[in-house]
Amino acid sequence: GTQAASYLLTSQLPVPSYAQLPVAVAGIGVVVRATMLGIRFEEVCVVFACAAACFFRKVALDGYLRQLPPACAFAVGLIFGGFVLPRVVVGLAYYFLPLAEISDMWVLMSSFAGVERLRVMTTELMIATVNIQVPLGFLGIAFLRRSQERQNRLLEIANGKLDGRGYTHLVVRYIFMVALPYMMQRTAMESVNGYVYGLFSRDLEMALRVEALLPAEGALLAAVGESNHTAASFAASLSSVASTSYGIVERKLFSLPKLALLPGMLCSKPWLVATVLPVSIALDAGKSQLVGFLSTRIEAYAQEIQELSDRRDRIEQHDTKHEELIRRGDIGELTRTRWQTLTKRLAELSMRSSALQSVRSFINWLYWQDFMTPGFECALGFLLEVQHITNVDIYLYIRVVEDSIDTLLTRSRLQAELASMETHAKRLRELQTGLAAVQARGRAVCQVEGSSDALRLIDVGFSRGPNMHVHIPSLTLQPGAIYAVTGANGCGKSTFVKAVCSDLGDAAAISGSI
């Protein structure tokens with residue numbers, strides 16, 4: 001709240017605009033309360049009602065609503081902001097922004113870290129992020145203006161108003177008075193933000209590796225052993241889900257100050273905004289469809305590459321461990337063929353994925369360079385004509401329009417990231433299912449019967465790895481007899497003996513009766 005008030009008070013606002021200060025402070029208070037304690041929809045409606053009432057009253061005072069007295073305009077804004085605007089804003093937010101996906105990812109992460117613990121971790125992270133990214137957004141606006149001002153002074157050399165030495169002095173002052181302080185402040189604050197997120201990521205990974213897989217009541221490593229992935233792969237997926245969700249929120253908070261400049265453009269040239277934005281959105285939507293198709297294919301390749309890579313690692317570790325058996329069994333050629341097949345397949349998939357990524361990057365660059373930038377320049381020409389902006393605001397308002405379009409098309413522009421996040425989420429849901437199955441799996445009941453010396457196995461089942469599942473409906477082993485257990489490598493012979501000897505530990509739970 002103090003940061004918001006300081007920015008409002010130091011930004012040379014006209015006197016009538018100071019009426020917006022209580023609304024801004026109230027808004028910051030709602031954000032803080034929502035972050036720390038949660039918030040009800042009615043409280044959001046109150047804030048929107050106050051903001052809309054102040055806006056309508058100022059519009060009436062400025063003479064735009066000639067037939068409506070300021071008091072009536074205030075009442076209309078209060079009703080509109082309290083009953084209509086919140087529902088429209090929330091609906092549009094869920095439509096344009098991936099809020100539902102981020103919410104689903106939060107629920108998924110809470111299944112490993114715990115709801116209450118993750119809420120506390122998220123609160124600490126968001127308090128730091130809001131207090132860093134929003135002020136940095138304001139600093140970014142000032143930096144863009146000063147940078148454009150420096151570039152405009154270069155044109156004065158051609159007009160004879162400035163010589164090369166004078167421009168050099170100007171650049172030196174810009175470097176030491178603008179660029180260097182901005183770089184140092186942003187580097188320092190982004191480092192703090194990165195450190196806070198690092199703590200969040202560390203605690204999240206610890207919750208998966210230690211508390212989810214190795215709980216106090218017994219290890220659940222069988223869920224990893226019976227899957228096609230390693231514990232490191234699951235930890236990387238959890239980290240990817242968290243970083244993608246957080247990155248979306250962080251970028252939107254940083255662009256928030258620039259988005260606040262859009263209403264001024266709308267009031268100055270409403271027909272221009274109503275024309276430029278829909279056309280830009282239509283072009284972007286077409287591009288997004290093509291990029292989305294490429295992203296889907298790239299993500300499918302990435303998933304297959306990850307599964308094959310984990311499988312190859314397991315095979316190489318197994319074959320390396322049993323090198324002597326491979327040599328004695330004279331199956332070196334078979335092993336070589338298997339390694340070669342997996343390596344060729346992985347290389348083929350990697351090349352296909354790389355080619356599609358190059359095509360996607362070229363489409364994005366060509367679209368921005370040859371379509372969007374010229375369109376923005378036409379819009380800025382009209383704004384310069386009506387003197388809504390000056391020549392030092394050109395690059396800033398290009399970013400304003402781009403950030404506005406990016407907000408409206410967040411879901412389509414982030415198709416690649418969202419598809420990747422869903423792939424990692426699918427892997428984590430598989431781990432969820434595996435953990436639940438291991439927890440629900442019963443332990444073998446061992447009983448000693450005085451009436452018989454035989455060893456009887458009834459409905460015994462156990463698993464190890466993704467491919468070995470053994471079920472023994474009924475088996476009786478008589479004392480004094482010699483038995484041979486035969487089968488291929490990896491079919492469960494050693495695990496069966498360990499099960500009979502109760503030497504499996506927690507790595508592979510068994511069910512049934514012995």
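Reply: In this predicted model, Thr335 counts as buried because its relative accessible area is 13%, which falls under the 20% cut-off used for that term. Thr335 belongs to helix H13, which covers residues 332–385, and once its neighbours within four places in sequence are set aside, the residues in contact with Thr335 are Asp319 and Ile326.

Turning to helix packing, helix H6 (residues 115–158) and helix H7 (residues 164–212) have axes that come within 10 Å of each other and cross at roughly 160°. H6 is therefore roughly antiparallel to H7, since angles over 145 degrees are classed that way. The crossing of these two helices, H6 and H7, is left-handed, and the contact of H6 with H7 comprises 24 nonpolar, 8 polar and 9 charged residues.

A second pair is formed by helix H5 (residues 99–113) and helix H16 (residues 415–440), which pack at an angle of about 30° with their axes 11 Å apart. The crossing of H5 and H16 is left-handed. On the H5 side, the residues that take part are Glu101, Met105, Leu108, Ser111 and Phe112, and in H16 they meet Met421, Glu422, Ala425, Leu428, Arg429, Leu431, Gln432 and Leu435. Sorted by class, the contact of H5 with H16 holds 8 nonpolar, 2 polar and 3 charged residues.

Key: Residues are numbered from 1 along each chain as its sequence is written. This is a predicted model: local features need pLDDT of at least 70, side-chain atom pairs count only at pLDDT 80 or more; totals for chains, interfaces and linings use all residues. Side-chain values use heavy atoms; hydrogens and water are left out. Axes are lines fitted to C-alpha atoms, for helices over the stretch in contact, and angles run from 0 to 180 degrees between N-to-C directions. Helices (H or I, at least four residues) and strands (E, at least two) are DSSP runs, numbered from the N terminus. A crossing is left-handed if the near helix is turned anticlockwise from the far one by less than a right angle, and right-handed if clockwise. Contact means heavy atoms within 4.5 Å. Ala, Val, Leu, Ile, Met, Phe, Trp, Tyr, Cys and Pro count as nonpolar, Asp, Glu, Lys and Arg as charged, and the others, Gly among them, as polar. Buried means under 20% relative accessible area, exposed over 50%, partly exposed in between (1.4 Å probe, protein chains only). Angles under 35 degrees count as roughly parallel, over 145 as roughly antiparallel, 65 to 115 as roughly perpendicular and the rest as oblique.
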